[in-house]
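Good morning, and thank you for joining this group meeting. Please look at the sequence and the structure as I show them, and keep both in view while I speak.

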Amino acid sequence: MFDGRVVDAESGEPIAGAIVSAAMVVDTTGADGWYVLANLPRFTDVIRVRDESVSGELGSYYDLHWRIESLLAHIRLDDLCLVPVLGLESTLWGSYDGDFREFLKYLTDTRGLSGRSTIFRRWNHYPISVFSPPFTWEGVDLQALAAAAMNSWESGSGLELFVETGDFAAADVVIIYDEWEEDLNKKHHIKTISSNPDGTPRKMQIWIYPRNTLSPMTIRGQMIFAHEFGHVLQLAHSVDYGHLMVGHTSPAHYVNGPTVDELRLLRVLHRFPY
């Protein structure tokens, strides 16, 4: 037997009226999002969830097919998350055809390029501990800008994502300032130092080059930190200049934090198992 809840991946709220099925056994969720699938055969290997009454139509949520191990006992799944069918609000060029699902696939690099299947890997725990050392550059407190950037992701998403720590060795993420780099165009970036056996990150670094003149910390410091923390949260580059995570250049508008699209995406991904 399977039972559990079906929830909205962005809001976390239960979804009523979702149709849950496996091996020809079907149930419809109640107001609390709860379903029960009883008397399933042992060969059951996938559970399907949709919210539309007519198969093949696109409802308020994208359909979910969730693979499971062979059924040998009662299994209670954690919340089955349905991704809402959302448009995009922060694009300037109409990128991704306004399709939130395509945006999600692009920024998590789960497009399956060249026929390869891919899987999104996020952190296996939250909040992520961050070592952010005191550092001032040309009168600007970069430690304060880093804290403001982390807060922009947390306050916008409503999630607890980061916690600062003074323990350099134990921190999940360490900010490193290289003020001696002679290349004034050296780009700020992140490095994944080590990963866990399950593919999730274990240790990361954020490299900041205060002498960089293309993206000067004294002018765009908070935006730069917010962008790099977006990568820490496992988001790839966007192709639209309306997004904070646009690649290889700066957003068309001066922003200090993530846009509506990026916050929605983060909330959706945060609720999926790693």
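Let me begin with a question: which residue forms a salt bridge with Lys105? The partner is Glu102, and the closest N and O atoms are 3.7 Å apart. Please keep in mind that this is a predicted model. Both residues belong to helix α1, residues 100-107, and because they are three residues apart there, about one helical turn separates them. An α-helix has 3.6 residues a turn, so residues three or four places apart point the same way. Glu102 has 29% relative accessibility and therefore counts as partly exposed.

I now turn to the other salt bridges. How many salt bridges does the structure hold? There are eight. One of them joins Glu10 and Arg264, with 3.9 Å between the closest N and O atoms. This pair links distant parts of the chain: Glu10 lies in the loop between β1 (2-8) and β2 (19-22), whereas Arg264 lies in helix α4 (residues 260-270), and the two are 254 residues apart. Are these two residues buried or exposed? Glu10 is buried, because its relative accessible area is 16%, and buried means under 20%. Arg264, at 16% relative accessibility, counts as buried by that cut-off. The pair also belongs to a network of salt bridges, in which Glu10, Glu89, Arg264 and Arg267 are linked.

Another salt bridge is formed by the side chains of Arg67 and Asp45, at 3.8 Å from N to O. Arg67 sits in strand β6 (residues 64-67) and Asp45 in the loop between β4 and β5 (46-50), so this pair ties together parts that are 22 residues apart in sequence. Arg67 has a relative accessible area of 64% and is therefore exposed. Asp45, with 40%, is partly exposed.

Let us move to the strands, starting with β2. Strand β2 is joined to strand β3 (residues 25-28) by four bridges, and the two run antiparallel. In this pairing, Ile19 stands opposite Thr28. The hairpin of β2 and β3 has two residues between the strands, and Ala23 takes a positive phi there, near 50 degrees. Strand β2 also pairs with β5 in the antiparallel sense, over three bridges, and Val20 stands opposite Val49 of β5.

Thr29 has 5% relative accessibility and so counts as buried. What does its side chain reach? The side chain of Thr29 comes to 2.8 Å from the backbone oxygen of Ile15.

Strand β4, residues 34-37, contains Val36. With 34% relative accessibility, Val36 counts as partly exposed. Together with Met1 and Trp34, Val36 forms a nonpolar patch on the surface, and the accessible area of the three is about 230 Å².

Next, please find strand β9, residues 128-131. From this strand, Ile128 and Val130 point one way, Ser129 and Phe131 point the other way, and all are buried. Which strands pair with β9, and in what sense? Strand β12 (residues 162-164) pairs with β9 in the parallel sense over three bridges, and Phe162 of β12 is the bridge partner of Ile128. Strand β13 (residues 173-177) is joined to β9 by two bridges, and these strands also run parallel. In β13, Val173 is the bridge partner of Val130.

Finally, I come to helix α2, residues 142-157. How far should its 16 residues span? At 1.5 Å a residue, they should span 22 Å, and the end C-alpha atoms are 23 Å apart, which agrees. The N-terminal end of α2 is capped by Asp141, which has a side-chain oxygen 3.1 Å from the backbone nitrogen of Gln143. Several residues of this helix are buried, among them Leu142, Leu145, Ala149, Trp153 and Glu154. After α2 comes Gly158, with a positive phi near 75 degrees.

To close, I return to the salt bridge of Lys105 and Glu102. That pair lies within helix α1, whereas the pair of Glu10 and Arg264 links distant parts of the chain. Thank you for your attention.

Conventions:
Residues numbered from 1 in each chain as written. Predicted model: local features only at pLDDT ≥ 70, side-chain atom pairs only at ≥ 80, totals over all residues. Heavy atoms only, no water. Patch = residues over 30% accessible without salt bridge, like charges linked within 9 Å, V, L, I, M, F, W, Y side chains within 5 Å. Areas by Shrake-Rupley, 256 points an atom, 1.4 Å probe, with all protein chains shown as cover. Salt bridge = Lys/Arg side-chain N within 4 Å of Asp/Glu carboxyl O. Buried < 20%, exposed > 50% of the residue type's maximum accessible area, 1.4 Å probe, protein only. Expected span 1.5 Å × (residues − 1). Polar contact = N/O pair within 3.5 Å; in protein donor to acceptor, adjacent residues only side chain to side chain. Pairing = 2+ DSSP bridges.
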